[in-house]
Amino acid sequence: MSESFSVALNSSFAELWRYNIAVVVAGFDADGEQLEVKSAQSHIADVGANLKVAPEGYNRHRSLSVVSVPCESVEVLIYIIPHTLPSAKDIADAKPFNIHVTVSRGELSIHDAQHSVNQWSGDSITLKF
């Protein structure tokens with residue numbers, strides 16, 4: 001039975017403003033044929049902006065969510081892209097931070113996990129359900 005999948009992410013990392021975030025969700029039917037792709041993004045600044053502080057009006061409690069069309073399975077792609085590198089001079093002083101990702105199929109929670117993100121390189125996360 002086809003159901004919609006809901007994908008949500010958030011983080012309590014104080015310097016999340018240094019990253020652009022994109023979430024892409026592709027839905028597939030029982031035969032593995034792609035039905036539709038939905039996406040959401042949170043763009044703060046162009047890569048290389050090297051901001052000194054968060055932009056005025058930045059919401060520290062930033063989150064993203066996407067709901068798929070009714071489908072049998074999904075592939076979720078999450079991109080966390082730094083536009084401003086850490087102010088720390090040593091890699092050891094810029095510890096990874098966590099992004100909390102939840103995925104539900106209808107009312108059933110199927111993924112609820114923290115994903116570690118490197119402050120220097122960001123991350124790309126692929127999930128398949």
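This report walks through the strands, core, surface and salt bridges of one predicted protein model.

## Ground rules

Because this is a predicted model, local features need pLDDT of at least 70 and side-chain atom pairs count only at pLDDT 80 or more, while totals for chains, interfaces and linings use all residues. Residues are numbered from 1 along each chain as its sequence is written, and side-chain values use heavy atoms, with hydrogens and water left out.

## The overall picture

Let's start with the whole chain. It has eight strands and zero helices; here, helices (H or I, at least four residues) and strands (E, at least two) are DSSP runs, numbered from the N terminus. Read from that end, the elements go β-β-β-β-β-β-β-β. Along the principal axes, the C-alpha atoms fill a box of roughly 50 × 25 × 25 Å.

Of the 129 residues in the chain, 36% are buried. Buried means under 20% relative accessible area, exposed means over 50%, and partly exposed is in between (1.4 Å probe, protein chains only). The accessible surface of the chain is about 7,300 Å², and carbon and sulfur atoms own 50% of that. These areas come from the Shrake-Rupley method with a 1.4 Å probe, and for residues only the protein chains shown count as cover.

What about contacts, meaning heavy atoms within 4.5 Å? Among those in the chain with a separation of 6 or more, 73% are between residues 24 or more positions apart.

## Strand β2 and its partners

Strand β2 covers residues 19–28, and nine of its ten residues are buried. Which strands does β2 pair with? One partner is β5, joined to β2 by ten bridges in an antiparallel arrangement. Within that pairing, Gly 27 has Val 74 of β5 as its bridge partner. Another partner is β3 (residues 34–42), also antiparallel, with eight bridges. There, Ile 21 stands opposite Ser 42. For two strands to count as a pair, DSSP has to find at least two bridges between them.

β2 and β3 also make a hairpin, with five residues between them. Gly 32 sits in the turn and has a positive phi of about 85°.

In soluble globular proteins, nonpolar side chains tend to be buried together. The largest nonpolar core here has 26 residues, and Val 23 and Ile 80 have the most contacts inside it. β1, β2, β4, β5, β6 and β8 (123–128) each supply at least two residues of this core. The term means a set of buried Ala, Val, Leu, Ile, Met, Phe, Trp, Tyr and Cys residues joined through side-chain atoms within 4.5 Å.

Leaving aside residues up to four places away in sequence, Val 23 touches several others, including Val 7, Leu 9, Leu 64, Val 66 and Val 76.

## Salt bridges

A salt bridge is a side-chain nitrogen of Lys or Arg within 4 Å of a carboxyl oxygen of Asp or Glu. By that rule, the count is three. In one of them, Arg 18 pairs with Glu 15, with the closest N and O atoms 2.8 Å apart. Arg 18 is buried at 2% relative accessibility, whereas Glu 15 is partly exposed at 30%.

Arg 105 forms a salt bridge with Glu 3, at 3.7 Å between the closest N and O atoms. This pair links distant parts of the chain, 102 residues apart: Arg 105 is in strand β6 (residues 97–105), and Glu 3 is in the segment before β1 (5–10). Arg 105 also bridges to Glu 72, with the closest N and O atoms 3.6 Å apart. Glu 72 lies in the loop between β4 (63–67) and β5 (73–82), so this pair ties together parts that are 33 residues apart in sequence. Through shared partners, Glu 3, Glu 72 and Arg 105 join into one network.

Methods: Contact = heavy atoms within 4.5 Å.
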